[in-house]
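Visitor: I'd like to learn how to read a fold like this one. Could you take me through it feature by feature?

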Amino acid sequence: MAGESCVPKPLFGGAIFTTFPDRFQDVSNIREVPDHQEVLVDPSRDESLIFELLDLKGEVDDAGSALWFLQDIANEQDAGDNLVVEHSGTLELAALHLGEAPAVAATAVGQLAVSKGRQGREAQNIVRIYLANIRLKNAATDVLITAYEPLLINPLSESAVAVAAGPAIPAEQVGCLPMSEVFKLAVTNFNVRDWNLFDGGP
């Protein structure tokens with residue numbers, strides 16, 4: 001395990017806490033982010049971590065919810081036709097109890113080709129997306145935790161300016177925690193400190 005500093009961090013004004021490496025910076029310090037999102041990036045590696053609060057999608061089955069949201073993200077990015085699902089499963093949230101038992105997040109991991117911002121298909125990067133869905137039914141909320149890990153940077157992509165074009169350098173080689181571990185940390189340590197955050201919906 002890389003020797004990165006990982007401590008509990010406040011999200012949504014301190015109503016939610018979870019853990020991830022210090023290298024991830026709050027995007028809201030640079031540009032406006034919607035109130036229902038927290039977006040964190042490591043610009044040196046073009047990796048990002050997004051926390052999102054959505055109205056509960058009651059029509060989506062619990063068991064397949066992470067795959068449903070992963071496909072939805074791919075469709076939004078005009079990449080629904082090239083999504084390759086690598087894995088789906090569950091993670092237990094040790095810090096968050098719903099009733100007597102720890103909460104469980106549905107998870108899915110997939111690869112897709114996406115462009116940055118308004119760039120066209122000729123500038124697509126290959127990224128791996130890690131997605132967790134925590135269903136807070138008592139608060140009528142779907143929490144999404146999404147981690148983006150670039151695998152191959154297109155020379156025409158905006159990303160190539162900050163990160164060299166070609167295959168991404170493995171995190172371990174530069175002393176960073178791999179995105180798979182960053183994702184697991186952020187999901188398993190997710191905890192709600194103030195349920196008033198959900199009053200009247202996210």
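Guide: Let's begin with elements: helices (H or I, at least four residues) and strands (E, at least two) are DSSP runs, numbered from the N terminus. Two notes before we go on. This is a predicted model, where local features need pLDDT of at least 70 and side-chain atom pairs count only at pLDDT 80 or more, while totals for chains, interfaces and linings use all residues. Residues are numbered from 1 along each chain as its sequence is written, and side-chain values use heavy atoms, with hydrogens and water left out.

Visitor: How many residues does helix 1 have, and how far does helix 1 reach from its first C-alpha to its last?

Guide: The expected span of a helix is 1.5 Å times one less than its number of residues. Helix 1 has 12 residues and reaches 16 Å, close to the 16 Å expected.

Visitor: Which residues of helix 1 are buried?

Guide: Buried means under 20% relative accessible area, exposed means over 50%, and partly exposed is in between (1.4 Å probe, protein chains only). In helix 1, the buried ones are Ser 65, Ala 66, Phe 69, Leu 70, Ile 73 and Ala 74. They pack against strand 5 (47-55), strand 6 (84-98), strand 7 (101-114), strand 8 (125-136) and strand 9 (141-153), where contact means heavy atoms within 4.5 Å.

Visitor: And what does Trp 68 touch?

Guide: Trp 68 lies in helix 1 too, residues 65-76. Not counting residues up to four places away in sequence, Trp 68 touches Lys 57 and Val 60. Its relative accessible area is 35%, so Trp 68 is partly exposed.

Visitor: Which residues have the most contacts inside the largest nonpolar core?

Guide: A nonpolar core is a set of buried Ala, Val, Leu, Ile, Met, Phe, Trp, Tyr and Cys residues joined through side-chain atoms within 4.5 Å. The largest one has 33 residues, and Leu 49, Phe 51, Ile 134, Ile 145 and Phe 190 have the most contacts inside it. Helix 3 gives the most to this core, six residues. Phe 51 has contacts beyond four places in sequence that include Leu 11, Phe 20, His 36, Ile 145 and Ala 186. A second, separate core has 21 residues, among them Val 27, Val 39, Leu 54 and Leu 131.

Visitor: Last one: what is the strand order in the open sheet of three strands?

Guide: Two strands pair if DSSP finds at least two bridges between them. The order is 1-2-11, with antiparallel pairing. Strand 1 (6-11) and strand 11 (191-192) are the edge strands, each pairing on one side only. Strand 2, residues 16-21, pairs with strand 11 over two bridges, and Ile 16 has Val 192 as its bridge partner.
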